[in-house]
Amino acid sequence: MSEASGEFTTHDATLTVDELSARVGMTVRTLRFYAGRGLIPPPIRRGRVGYYGPEHIARLDLVRELQAHGFTLQAIEGYLERIPDDATPQDIALHRTLLTPWMRDLPETLDRATLVRRTGRELTDDDIEMLVALGVVEPTPDDDVFQVATAHLSLGVELLDLDLPVEAVLDAGRIFTEHGRAIAEELTEVFRNKVWPHYRDSGGPPEHIQRLVERFKPVTIQGLVLAYERAVGETQRDTIRRTGSKKLHG
């Protein structure tokens, strides 16, 4: 890749199909199948030998990430069709980075008995309902089998002891979902239009840029927490001022 232009060149294609197979951990047969489906571009031909480079690796890494998220082959094809043919490895890495979960841990599938062992307490149907309302537990089509956000399970159990009304928790959940999505969409635009071009134009390799982007995530989350804490404090002060004003004029 030309460091100045950031564009993929034929000089970057140095891997044979066997070397590419070892590099990405896929069989040669799988690579040729993906190439036949158009998931990766054709190799660069030098004589009778085809060579592969960073663009092929980046696209294959993205295919693997999409598979990990449960995308079917047809859905993956549709996703990759929206990526321009002249996309650089850094551009492709952006898509993979945005797919990476922002939570500390992916949800685990647990049956009820295992969930009880994890929480260290008996769980009534009302307790399960509350954990579902909190977003810590999600039902599955199978009876007494759940998707559990294990990173937040201990907090969810602590909230059970507060005896909160389920209706209040559901209302709070709707508020977080509604405003959380709006924040996510606006921050994604900031990321795409300002953060990503800055990293891309730095000319660094995709792996380095991805590490930089990963650091952006916790900073963003911390900024959101601080903004929320500040807003809550300001709301409390406004409430106190209004209450005091009513007493003076009451």
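Strand β3 (residues 108–111) pairs with β5 in the antiparallel sense, over four bridges. The model is predicted. The protein chain holds 10 helices and five strands. Of its 250 residues, 33% count as buried.

**Strand pairing**

- Strands β4 and β5 form a hairpin, with five residues between them.
- In a regular strand, side chains alternate between the two faces of the sheet.

- Asp144 sits in the loop between β4 (137–139) and β5 (145–148).
- Its phi is near 55 degrees, a positive value in a residue other than glycine.
- Is Asp144 buried, partly exposed or exposed? Asp144 counts as partly exposed because its relative accessibility is 41%, between the limits of 20% and 50%.

**Another positive phi: Asp163**

- Asp163 is not a glycine either, yet its phi is positive, at about 55 degrees.
- Asp163 lies in the loop between α8 (153–160) and α9 (166–201).
- The relative accessible area of Asp163 is 68%, so this residue is exposed; the cut-off for exposed is over 50%.

- Glu55 and Arg59 form one of them through their side chains, at 3.4 Å from N to O.
- Where do the two partners lie? Both are in helix α3 (residues 54–68), and they are separated by about one helical turn because they are four residues apart.
- Glu55 is buried, and Arg59 is buried too.
- Arg241 forms a salt bridge with Asp238, and their closest N and O atoms are 2.1 Å apart.
- This pair lies in helix α10 (residues 206–249), with three residues' separation, about one turn of the helix.
- Arg241 counts as exposed because its relative accessibility is 52%, and exposed means over 50%.
- Asp238 has 32% relative accessibility, so Asp238 counts as partly exposed.
- Elsewhere, salt bridges that share partners join Arg112, Asp125 and Asp144 into one network.

- The side chains of Arg112 and Asp125 meet in a salt bridge, at 3.0 Å from N to O.
- The pair links distant parts of the chain, 13 residues apart.
- Arg112 is in helix α6 (residues 112–119), while Asp125 is in helix α7 (residues 125–133).
- Asp125 has a relative accessible area of 56%, so Asp125 is exposed.

**The chain as a whole**

Note on methods: Residues are numbered from 1 along each chain as its sequence is written. This is a predicted model: local features need pLDDT of at least 70, side-chain atom pairs count only at pLDDT 80 or more; totals for chains, interfaces and linings use all residues. Side-chain values use heavy atoms; hydrogens and water are left out. Helices (H or I, at least four residues) and strands (E, at least two) are DSSP runs, numbered from the N terminus. Buried means under 20% relative accessible area, exposed over 50%, partly exposed in between (1.4 Å probe, protein chains only). A salt bridge is a side-chain nitrogen of Lys or Arg within 4 Å of a carboxyl oxygen of Asp or Glu. Two strands pair if DSSP finds at least two bridges between them.
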